[in-house]
Amino acid sequence: MKKPAQRKQHVKQPAIAYTIVPKDLAGHIFNVTVTVPAPAAEGQVFALPAWIPGSYMIREFARNIVRIRAESNGAAVALAKLDKHSWQAAPVDGPLTLHYEVYAWDLSVRAAHLDQTHGFFNGTSVFLRVAGQEAATHQVDIQRPGDPAAGTWRVATSMKELGAKRYGFGTYVAGDYDELIDHPVEMGDFALATFKAHGVPHDIVITGRVPNLDMARLQADLKAICETQIAFFEPETKKAPVDRYVFMTMAVGDGYGGLEHRASTALICARADLPSIGGPKVGEPNEGYLKFLGLCSHEYFHTWNVKRIKPAVFAPYDLQVENYTPLLWLFEGFTSYYDDLMLVRAGIIGEPTYFKLLGKTIASVLRGSGRTKQSVADSSFDAWSKYYRQDENSPNAIISYYTKGSLIALAFDLTIRAKTGGAKSLDDVMLALWERYGRDFYAGVGRGVTEAEVESLFDEVSGVRLRNLFDKYVRGTEDIPLAKLYAPLGVKLADERKSGKPSLDAGIGRDPLGAKLTQVHEGGAAHQAGLSALDVVIAIDGLRVNGNPSNVEALLSRYRVGDKVTIHAFRRDELMRFEVTLQGDRVPGITLSAVAGVRKAGTIARPSAV
């Protein structure tokens, strides 16, 4: 009798153990060790990621490894470098440990930073991957610095505690390498507050000096945003996809940025953008604070859209090379659409403010001629070489999959609502993406979505044939007719650009000698006269241009559109003369407003109203 086939037993690999010590605060050095209990028989390979998910650029994090060595049972082990970010240890009997130093002086959300004021790291910058053992449990012992300057430091991370207590140094654990590098760590004397959003604790961590920080208002506003987004994706259960969430913010003199993670976000902002106790307690946020809340809303929305609903090529990531996808317009652009929309739905801002924000986005898309040359699908695919490596010619060559992607989301939303009489909207599409591809992603049954599946799902869920929109605005470069699409909802879109105002149609920056042209827009007055980006304008019709960009505008205000002026400028160290025919200002001035007596504009901002 034939024996029945036996089910293969999955043997969990022994845990990979890391320690990380902020060793030299003044020298910005983390000491890291990784111990592999059962290294590969042929010699264990280690590699550090070349990029970090959410930031699509090869960053070569391994360049910050200063020294590295290997040992086993107290004896040195030969370590051969295979390429710019990989090493292989000689075969050994027994556990293998690597010791290495990481230089951490990148004050951004992407890498690692250490000094006497705080320490921060993403796992992609400091934790070497043990090739072939990525599925093992990964433990990390975050040790307290020996420097007296760090005597009162605490730890903030969304990683699960093992031996450590909440906010304390000690041992933390992750289910695999992918999870290990998806929980950034902040350490220092940070401000801390916790609120619950539909029962789930959310920490606010603020590093950097922020006098009179109004943490109570920040808690209230973030709670409203988080609860609105949780209810959006889970309208019945109000169940968040995380057990705990952490907003980590580095407050600086001038800065802005964020990077999403599965249960946290790393942010950087200007301290002036954070609310002050002396500020207003009620009413809409001022411009700076609104900008920060929009950033928080954007990164929090990524908890669903890109951290769990993913492109197929991101499931899993290959962190040693570029991962190309034409879908970033969906994952970044749609997130950019919903980030401000969620501020309205949460009651943080009203529709007039929302329309102002939207007007700025529309104007930014229409400003550059690159939108006529590159589609958002191509922009997504070329993010590695173009969007993340922008230069002075970028406005003439590329389109942002963030900004135009958000307008494409708006176009889909308006079209679906119009074609279905308000019965369906883009919200339904997002919920379907969540239910089919995102909700169970980390339960081991989730998978990424392909381009074909995206387009098919849009049609299926909406009941509308949307191929035309994909062809024209996603794969094509046509401008979106938002004025026409908005009209049925009673919203008037107008372009009130100051065409009678004389302009060079160039970006103006400061320079010790005069005004530097940061960008020269294709077809504009400066371009047609032969001026180039990085030229330094020193005189207009014999009058000196000082280092203040407003001085150029003041001088040009004496002329009319069509007038000719003589401009002297330095290109490198050569003085050049240009005859310029002034054109009307081509900067779009987009306004949106509700039309009285027509269907309520709130059908977008408030989905319950039709």
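Colleague: Happy to start inside: what volume does the largest cavity have?

Modeller: Bear in mind that this is a predicted model. Rolling a probe the size of a water molecule over the atoms shows where empty space is left. For the largest cavity, the volume comes to about 110 Å³.

Colleague: Which residues are closest to the centre of that largest cavity?

Modeller: The lining of the largest cavity is made of 13 residues. By class they are eight nonpolar, four polar and one charged. At least two residues of this lining come from each of β10 (118–121), β19 (245–252) and β21 (264–270). Closest to the centre are Ser108, Phe120, Glu186, Met250 and Leu267.

Colleague: Good. How do the lining residues of the second largest cavity divide by class?

Modeller: The lining includes Ile52, Pro53, Ile181 and Tyr317, which count as nonpolar. Asp178, Asp182, Glu260 and Lys307 also line this cavity, and these count as charged. His261 is in the lining as well. The division is therefore four nonpolar, one polar and four charged.

Colleague: Now to the open spaces: which element gives the largest share of the lining of the second largest pocket?

Modeller: The second largest pocket has a volume of about 1100 Å³. Among its 40 lining residues, Asp178, Glu179, Arg262, Arg308 and Tyr442 are the closest to the centre. Two elements give two or more residues to the lining, β14 (160–161) and α2 (177–180). The largest share, three residues, comes from α2.

Colleague: What is the class make-up of that pocket lining?

Modeller: Asp178 and Arg262, two of the residues closest to the pocket centre, belong to the charged class. Tyr442 is also in that closest group and counts as nonpolar. Over the whole lining the make-up is 17 nonpolar, six polar and 17 charged.

Colleague: Last one, on the surface: is Trp105 buried, partly exposed or exposed?

Modeller: Trp105 sits in the loop between β8 (96–103) and β9 (112–114). With Val66 and Tyr103, Trp105 makes a nonpolar surface patch of about 300 Å². Its relative accessible area is 44%, and the class between 20% and 50% makes Trp105 partly exposed.

Terms used
Residues numbered from 1 in each chain as written. Predicted model: local features only at pLDDT ≥ 70, side-chain atom pairs only at ≥ 80, totals over all residues. Heavy atoms only, no water. Patch = residues over 30% accessible without salt bridge, like charges linked within 9 Å, V, L, I, M, F, W, Y side chains within 5 Å. Areas by Shrake-Rupley, 256 points an atom, 1.4 Å probe, with all protein chains shown as cover. Salt bridge = Lys/Arg side-chain N within 4 Å of Asp/Glu carboxyl O. Helix = DSSP H or I, 4+ residues; strand = E, 2+ residues; numbered from the N terminus. Buried < 20%, exposed > 50% of the residue type's maximum accessible area, 1.4 Å probe, protein only. 1 Å grid on protein atoms, 1.4 Å probe; cavity = no way out; pocket = protein on both sides within 12 Å on 5 of 7 lines; lining within 4 Å. Points joined across faces, edges and corners; volume = space filled by probe spheres on them.
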